[in-house]
Amino acid sequence: MTVSPGHFMLARLDDVARWAQSSSVWPLTMGLACCAIEMMSVTSSEYDIARLGSEVFRSSPRQADLMIVSGRVAQKMGPVVKRLYDQMADPKWVISMGACASSGGMFDNYAVIQGIDTIVPVDVYVPGCPPTPDGLLYAVNLIQQQIREGGRGGVVASA
Amino acid sequence: MTSSSVLPAPEIVSQTENTMVLSMGPQHPSTHGVLQLVLEIESENVVKVDPEIGYLHTGIEKSCEGLFWTQAQTLVERMDYLAPESNALCYALAVERLLGITERIPQRAQIVRVLQMELTRIASHCVWLGTHGIDLGAISVFFYCFDLRENILDLQEAAGGARMHPNYVRVGGLNGDLPDGYLAQLDALIDKFPGRMRELRGLLQANPIFQDRTIDVGGLSAEEAVAWGVTGPSLRASGIAYDVRKAFPYSGYETYEFDVPTRTEGDAYARFLVRLDEMDQAMSIIEQCRKRLDAPGPVMIDDPKVAPPPKETIALSMEALIHHFKLMSEGFRVPPGDVYQAVEGPRGELGYYIVSNGENRPYRMRTRPASLYNLQALKGIGPGNLIADLVVMIGSLDPVFGEVDR
């Protein structure tokens, strides 16, 4: 392609940065329970989260942008989740995947934390037990949308 | 919530001059969930392994005591979430034995139950193989496995309405008959399966890197395996052909022809081969089920005490409406007694010990999860190996933490 002096694009630097940021949201490898299996399914060829640029699951919280809390959080796991969130570099986002992570789900008992929003701030909640991979993909889409718009805050990923 | 509540107390390990303590997990890509290993290491060599469990303790057993017999079924499926049908079937069989209706379960329901068990076994082994491959750096395997698993989840969704926890097996039979088009979908899977297995074996079985990493790693002798209470493929890889389906048949398993694959080496590679052979055997059982499924029949026991009336009668008959309301609002009562029922889950002997005091809720429910007993063998086989080999051992024992911690 020949680039003549007449071909150029104008954009605000903020928009370009947000576009780049929203196209490479790297999740943290943190599988907790049943939802973690569906979280693995989104990376499979059927759902292919690579289309959204989020297939790079990082094992270190230092390299991750997005925490997907995939499953029930036991009282013993709560401090670990909080610590991992604290270790992630800003800016960071959180998806609460499934009924258990969002509200304790069907486990209203002594062992399960009744909603991880009591520990970490949540950006998107995904309903389901477990949610389908499509549901999680939609949640990642919502995160991208939030990044592009520059805002954040609890959004429920349901139609 | 300080860091001291996360890290183990120092007295758990006996630290000497040349060793250091390394905490592996609970957030670690190779621990298959939320296992924490407190390792005492001397350079790269592991001197002592202390598995720390409980990071997924959900209180399922306790919660079940507050639910009706049918409601508890939804919770038990969340234990071994890779093979929900095996939990559901084991629980249903146990309650049916307490009710004394084991002999009256319709034939078709039993065939579909076996079909679901074997499908879920293949799906579970797919996840095991995919993640085991990733642990060893073979990422392509994951995509092949999850493609196959996706077909099985489609079948589960068609039958029960949900991909992972269909709650399809119920006390007394099934939630409903198989939907239209299910058998055609099943036929497609049966056709696809042998080719996909050839590909999976081709990727790993003769792969020199995979063999180097797994042969003679995590060796478990037959005596050790029995002493640790190991069951399932891990036990059979050590040379003991114990399979609940053969030893204590249930749901008509005695009428199916299948082999129990065994190896004698007892290492991670043997466990890999046994599981692959098991997938082939599971498919041969599925083919036998498929042949028997052409004949229609009832899928729920004809007993108004346990089975709700058919949905279509509720709008037409007052008696059916009242009957349905009674069953849904207060459940059914189970005669007092206790029972232990085991099934062969993908990871080994999965058992439920249930005590009833005659109420409409379980008095006590105790699970014998195969993963918990298999995992403790890690304490025995871990020391004396490299940290990297420990990852292979965890993968080859295939623990599921929903089941370990419950």
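B:Glu344 is buried, because 27 other C-beta atoms lie within 10 Å; a residue counts as buried if 20 or more other C-beta atoms lie within 10 Å of its own, as exposed if 12 or fewer, and as partly exposed in between, with C-beta atoms placed from the backbone. The structure is a predicted model, in which local features need pLDDT of at least 70, side-chain atom pairs count only at pLDDT 80 or more, and totals for chains, interfaces and linings use all residues. Residues are numbered from 1 along each chain as its sequence is written, while chains are lettered from A and ligands numbered from 1 in the order in which they are written.

B:Glu344 belongs to strand 6 (residues 337-345) of chain B. Helices (H or I, at least four residues) and strands (E, at least two) are DSSP runs, numbered from the N terminus. Apart from neighbours within four places in sequence, B:Glu344 is in contact with B:Asp243, B:Val244, B:Arg245 and B:Glu349. Here contact means that the C-beta atoms of two residues, placed from the backbone, lie within 7 Å. B:Thr120 is 224 residues from B:Glu344 in sequence, yet the C-alpha atoms of the two are 12 Å apart in space.

Two strands pair if DSSP finds at least two bridges between them. Within strand 8 of chain B, B:Arg366 is the bridge partner of B:Tyr353.

Chain B is assigned domain 1 (3-52) and domain 2 (60-301 + 337-356 + 364-405), with bounds that come from an automatic or database domain assignment. The C-alpha centres of these two domains of chain B are 30 Å apart. Between them, 15 residues of domain 1 of chain B are in contact with 17 residues of domain 2 of chain B. On the side of domain 1 of chain B that touches domain 2 of chain B, the largest share, 6 residues, comes from strand 3 of chain B.

A nonpolar core is a set of buried Ala, Val, Leu, Ile, Met, Phe, Trp, Tyr and Cys residues joined through C-beta atoms within 7 Å. The largest such core has 162 residues, and those with the most contacts inside it are A:Val69, A:Val73, A:Ile95 and B:Val95. Helix 4 (residues 107-135) of chain B gives the largest share of this core, 13 residues. The core also draws at least three residues from each of domain 1 and domain 2 of chain B. Not counting residues up to four places away in sequence, A:Ile95 touches residues including A:Leu66, A:Val69 and A:Ile143.
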